[in-house]
Amino acid sequence: AITIVLALALMASLTAGVFDLSIGQNFGLGTVACIYMISTLHWNPVLACLATVLVCGIVGVLNALLVVVVGIDSFIATLGVGSALLAAAEFLTNNAFVGPVPPSFQIFAGWQPLGIPVLIIYALVFAVVAWYVLEHTPLGRRLYATGANREAARLAGIATKKYVGGALVLTGLGAGIAAVL
C-alpha cells in the first residue's frame, strides 16, 4: 500500500511530463527523519508526522526550483537531489539503526477496521482522489496537456511552469505522506 501511495505521488510529476528520480530517497529520508524525531528527539508523533511531510514537501520545492527556475532537466536535477538526500539520511542516522517507535505510533498504520489493513484504505482513498482530480477537473486536464506537449499547452494559455512546479511539490508531499505511513 505504501508503494501505491508513492506511485500515485509520482504520477503527478509524470503526468506533467517531468521525472522525479529523487522520490525514493525523499521517502527514505522522510522515514528516517520521522522515526528519529519520535524515538530520539521524543517529539509528539503528530508534530513529527507534520514535520516529515513538510520536509519532504521542501524537497519537492527544491526540485521545482531546479527544474522550473534554473532550467535543469528534471532527470538530471532530481538525480542529483536524490544523491544529496541519500547522504543526508546517512548523516542523520550515522549508518546506525534508528528506533524503535512507540506502540502508540505503530497503531496509526497497524489498525485494521473490519479486518482490512488501514494502509490499503489510505491507498484506495488516495487513488480515488488522484483519479477524480486527473480525470474530472480542469487542473487534471491542464496537467495532462502540459505533459503531452508543454509548448502547445503554453501557447494555449496554460501556465506550464506553474503546473510543472506544482506537480514536483505534490510528488514531494506524497513522498512525505508515504514516509509517515
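## A residue in helix H4

Leucine 79 sits in helix H4; helices are DSSP runs of H or I with at least four residues, numbered from the N terminus. This leucine is partly exposed, at 44% relative accessible area. Partly exposed lies between buried (under 20%) and exposed (over 50%), with a 1.4 Å probe and protein chains only.

The model is predicted: local features need pLDDT of at least 70, side-chain atom pairs count only at pLDDT 80 or more, and totals for chains, interfaces and linings use all residues. Residues are numbered from 1 along each chain as its sequence is written, and side-chain values use heavy atoms, leaving out hydrogens and water.

## The surface patch

Leu79 belongs to a nonpolar patch on the surface. Other members include Leu14, Phe19, Val61 and Phe75. Together the patch has about 960 Å² of accessible area. Patch residues have over 30% relative accessible area and no salt bridge, and nonpolar side chains are joined within 5 Å. A salt bridge puts a side-chain nitrogen of Lys or Arg within 4 Å of a carboxyl oxygen of Asp or Glu.

Helix H3 (45-70) and helix H4 (74-93) each give two or more residues to the patch. H3 gives the most, with four.

## The cores

The largest nonpolar core has 15 residues. Such a core joins buried Ala, Val, Leu, Ile, Met, Phe, Trp, Tyr and Cys residues through side-chain atoms within 4.5 Å. Among those touching the most other members are Ala16, Val67 and Ala167. H3 and helix H9 (160-180) each supply two or more residues. H9 gives the most, with four.

A second, separate core has 10 residues, including Ala33, Cys34, Met37 and Ala51.

Conventions
Patches are made of residues with over 30% relative accessible area and no salt bridge: like charges are joined within 9 Å, nonpolar side chains (Val, Leu, Ile, Met, Phe, Trp, Tyr) within 5 Å. Accessible areas come from the Shrake-Rupley method with a 1.4 Å probe; for residues, only the protein chains shown count as cover.
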